[in-house]
Amino acid sequence: MAAIHTRIESANRSAKQWEADRDLLAEIRQSIPLKELVPELVCDNEKRWNVFLDGVVVDSNRSGPVQCTTDCYKEDDGDWEGDDLLLKRLTLYFKQSVMKWCNQPPCSNPNCKGNEDGKQMEAKGVRGPISDDEKAGKASRVEVYSCRLCGAETTFPRYNSPRMLNKSRRGRCGEFANLFGTYCRALGFDTRYILDLTDHVWVEVWSVRQQRWIHADSCEGIVDRPSMYEQGWGKKLSYVIGATHDSVADVTRRYTRKLNSDDFLARRREFTPDETTGDRAFVQMDLTIRQVDNLPKGRLEELDKRVANEKKYFGIVQSSGVWDKDYYEGRLSGSLAWRAARKELGNDSGEAMDDDENAEISSFLVESFYTSSGKGDN
């Protein structure tokens with residue numbers, strides 16, 4: 001039980017970070033090109049958006065674009081409205097324009113003629129934070145690499161500080177989820193940090209319009225596809241933890257349709273002795289967080305309503321045993337070799353690795369993808 005308690009606390013700490021730096025939230029809010037992402041909303045609500053962004057009211061009696069013209073526009077956008085449409089496009093914008101995926105860092109030697117994607121880098125080990133930036137960025141560990149071409153040593157600090165991540169803007173799913181959660185909070189979305197104990201992280205955002213939590217994975221640029229991991233990637237889930245700054249919950253039932261299978265329950269028993277004990281742990285930790293944060297009555301009532309609605313939804317989907325929306329693609333983020341090593345290519349992937357990518361697997365240090373609290377690439 002200690003392991004699951006540790007991971008719940010870790011998820012809650014990550015979500016609390018998003019609330020801590022109000023200046024950063026303001027900076028991020030100013031940087032998001034809302035007029036390009038959601039002109040449908042901005043043009044209809046020009047005054048409201050400008051007040052929200054910088055307190056300036058401008059003349060809104062002018063015509064403007066009514067459809068997004070960026071790469072974030074997709075054909076199914078018509079199925080989304082209001083803030084939900086903003087979330088959909090923000091998720092894709094974040095993947096395309098904000099964060100850069102990092103399997104291995106590029107060589108630190110400016111004169112090296114190696115590849116920018118870091119394929120020539122060989123993992124040498126992992127150490128703790130030493131430099132001022134590593135400590136200020138709350139790096140849980142620092143991966144050390146050597147360039148096969150020039151011999152230069154290069155480090156990849158695994159930052160946990162949203163401010164430092166907003167500066168470095170590179171990482172893997174942990175860094176993506178951490179900074180994307182901050183982006184969502186900057187726009188006022190109630191946001192959950194989602195931690196999958198089989199090694200992935202993403203977020204969920206509360207939809208006021210739909211009165212439900214919406215899955216959003218900024219690594220993939222995809223929203224509202226909870227079937228992606230089990231059905232698409234072929235992940236064998238156990239526990240999926242959801243945490244806001246003032247609540248925690250077991251949200252596994254959103255992401256599996258195999259909850260009652262022997263194999264699935266066996267994986268759960270690695271963390272809790274039985275379902276009742278596991279449920280009690282989440283309820284107790286959620287209650288503790290509420291008490292420590294001394295939440296106002298209105299917030300407590302809202303959280304209770306969400307818990308009741310989510311419990312009802314989980315009961316319905318588990319009894320059906322099928323997905324509302326199928327998803328059959330394997331993981332997209334990360335190099336082919338890295339995804340293959342993690343067995344996340346999907347159940348029916350036809351992708352094949354070339355010699356360079358096969359060699360890349362041997363350059364990985366398993367420890368490079370461990371968190372400070374256990375297994376994971378977050």
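Helices α6 and α9 are oblique to each other, a term kept for angles that are not under 35 degrees (roughly parallel), over 145 (roughly antiparallel) or 65 to 115 (roughly perpendicular). The structure is a predicted model, in which local features need pLDDT of at least 70, side-chain atom pairs count only at pLDDT 80 or more, and totals for chains, interfaces and linings use all residues. Residues are numbered from 1 along each chain as its sequence is written, and side-chain values use heavy atoms, with hydrogens and water left out.

The secondary structure of the chain consists of 16 helices and 11 strands; these are DSSP runs numbered from the N terminus, with helices (H or I) of at least four residues and strands (E) of at least two. Of the 378 residues, 53% count as buried, where buried denotes under 20% relative accessible area, exposed over 50% and partly exposed in between (1.4 Å probe, protein chains only). Contact is defined as heavy atoms within 4.5 Å. Among contacts between residues at least 6 apart in sequence, 65% join residues at least 24 apart.

Two packed helices are described by the angle between their axes and the distance between the axes. Helix α6 (residues 82-98) packs against helix α9 (residues 173-186) at an angle of about 135°, and their axes are 11 Å apart; axes are lines fitted to C-alpha atoms, for helices over the stretch in contact, and angles run from 0 to 180 degrees between N-to-C directions. Leu-87, Leu-90, Thr-91, Phe-94 and Val-98 of α6 make the contact with Phe-176, Leu-179, Phe-180, Tyr-183 and Cys-184 of α9. By class, this contact of α6 with α9 has nine nonpolar, one polar and no charged residues. In this classification Ala, Val, Leu, Ile, Met, Phe, Trp, Tyr, Cys and Pro count as nonpolar, Asp, Glu, Lys and Arg as charged, and the others, Gly among them, as polar.

Helix α1 (residues 2-20) also packs with α9, at an angle of about 45° and with the axes 9 Å apart. Helix α1 is therefore oblique to α9, and the two cross in a right-handed manner. The contact involves Gln-17, Trp-18 and Glu-19 of α1 and Ala-177, Asn-178, Gly-181, Thr-182 and Arg-185 of α9. Its composition is two nonpolar, four polar and two charged residues.

The largest nonpolar core comprises 59 residues, and Leu-87, Phe-180 and Tyr-183 have the most contacts inside it. Such a core is a set of buried Ala, Val, Leu, Ile, Met, Phe, Trp, Tyr and Cys residues joined through side-chain atoms within 4.5 Å. Apart from this core lies another, of 15 residues, including Ile-222, Trp-233, Ala-249 and Leu-259.

Ile-32 is located in the loop between α2 (22-31) and α3 (34-37) and is buried, with a relative accessible area of 4%. Not counting residues up to four places away in sequence, Ile-32 touches Leu-37, Leu-90, Tyr-183 and Leu-187. In contrast, Glu-329, in the loop between α14 (297-320) and α15 (336-341), is partly exposed, with a relative accessible area of 45%. With the same exclusion of residues up to four places away in sequence, Glu-329 touches Met-228, Gly-232 and Trp-233.

Note on methods:
A crossing is left-handed if the near helix is turned anticlockwise from the far one by less than a right angle, and right-handed if clockwise.
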